[in-house]
Amino acid sequence: MRIYELLANLLIVLLSAFGFMRGLEFIVRGENAMQNASKIYIKLSQYADIQAIGWFLLTASIVLLCSVFIKGRTSYVLLIIGGLCAGSVHLFYGMVATDTARVIATYYTNLTLGIYQYILAGIGVISLWKIKQNKD
């Protein structure tokens, strides 16, 4: 394994871990407990069910993590699906948090996570395109 591949896999594991922890917290604590914790979750619950977002994020993070352990075209497909889904949740959460978060790191962190996950999805698309170009 080359050093850059190792670094890329570590980044994917880190992004998956953030999504996994946040998704698990959304599921376990539930909507009422989350709303009591912060105004962000009151605003978030106006748009979607917090536990549903948690399950979606948890699943997307697991799919993203699976892309590390599988090689070839399937890895890139999992990278695209996991990156787009988890990235969308993080971007959504970050945009909702801009109005209600007291600490700017709350929404900047989530927006950054979402952008990184979209970049990973883009890398997956480019990699699939390169594989297709090499076969032709």
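**Exercise 1. Classify Tyr107 and Tyr108 by accessibility, and describe the geometry of their ring pair.**

Tyr107 has a relative accessibility of 13% and therefore counts as buried, where buried means under 20% relative accessible area, exposed means over 50% and partly exposed lies in between, computed with a 1.4 Å probe on protein chains only. Tyr108, at 48% relative accessibility, counts as partly exposed. These values come from a predicted model, in which local features need pLDDT of at least 70 and side-chain atom pairs count only at pLDDT 80 or more, while totals for chains, interfaces and linings use all residues. Residues are numbered from 1 along each chain as its sequence is written, and side-chain values use heavy atoms, with hydrogens and water left out.

For the geometry, a pair of aromatic rings is described by the distance of the centres and the angle of the planes. Rings of Phe, Tyr and Trp (its six-membered ring) pair if their centres lie within 6.5 Å, and planes under 30 degrees apart count as stacked, over 60 as edge-to-face and the rest as tilted. By this rule the count comes to 5 aromatic pairs. The ring centres of Tyr107 and Tyr108 are 5.0 Å apart and their planes stand at 45°, so this pair is tilted.

**Exercise 2. Determine how Phe26 and Tyr41 are paired, and which parts of the chain they link.**

The centres of the two rings, Phe26 and Tyr41, are 5.8 Å apart with 80° between the planes, which makes the pair edge-to-face. Phe26 belongs to helix α1 and Tyr41 to helix α2 (residues 39-47), so that the pair links distant parts of the chain, 15 residues apart; helices are DSSP runs (H or I, at least four residues) numbered from the N terminus. Phe26, at 0% relative accessibility, counts as buried, and Tyr41, at 10%, also counts as buried. Ring pairs link Phe26, Tyr41 and Tyr93 into a cluster.

**Exercise 3. Locate the salt bridges of the whole structure.**

Side chains of opposite charge can pair when their charged atoms come close. With a salt bridge taken as a side-chain nitrogen of Lys or Arg within 4 Å of a carboxyl oxygen of Asp or Glu, the search finds 2. In one of them, Lys71 meets Glu5 at 3.3 Å, N to O. Lys71 lies in the loop between α3 (50-69) and α4 and Glu5 in helix α1 (residues 3-37), so the pair ties together parts that are 66 residues apart in sequence. Lys71 is exposed at 52% relative accessibility, whereas Glu5 is partly exposed at 27%.

Glu25 forms a salt bridge with Arg29, their closest N and O atoms being 3.0 Å apart. Glu25 and Arg29 are 4 residues apart in helix α1 and therefore separated by about one helical turn.

Technical notes
Helix = DSSP H or I, 4+ residues; strand = E, 2+ residues; numbered from the N terminus.
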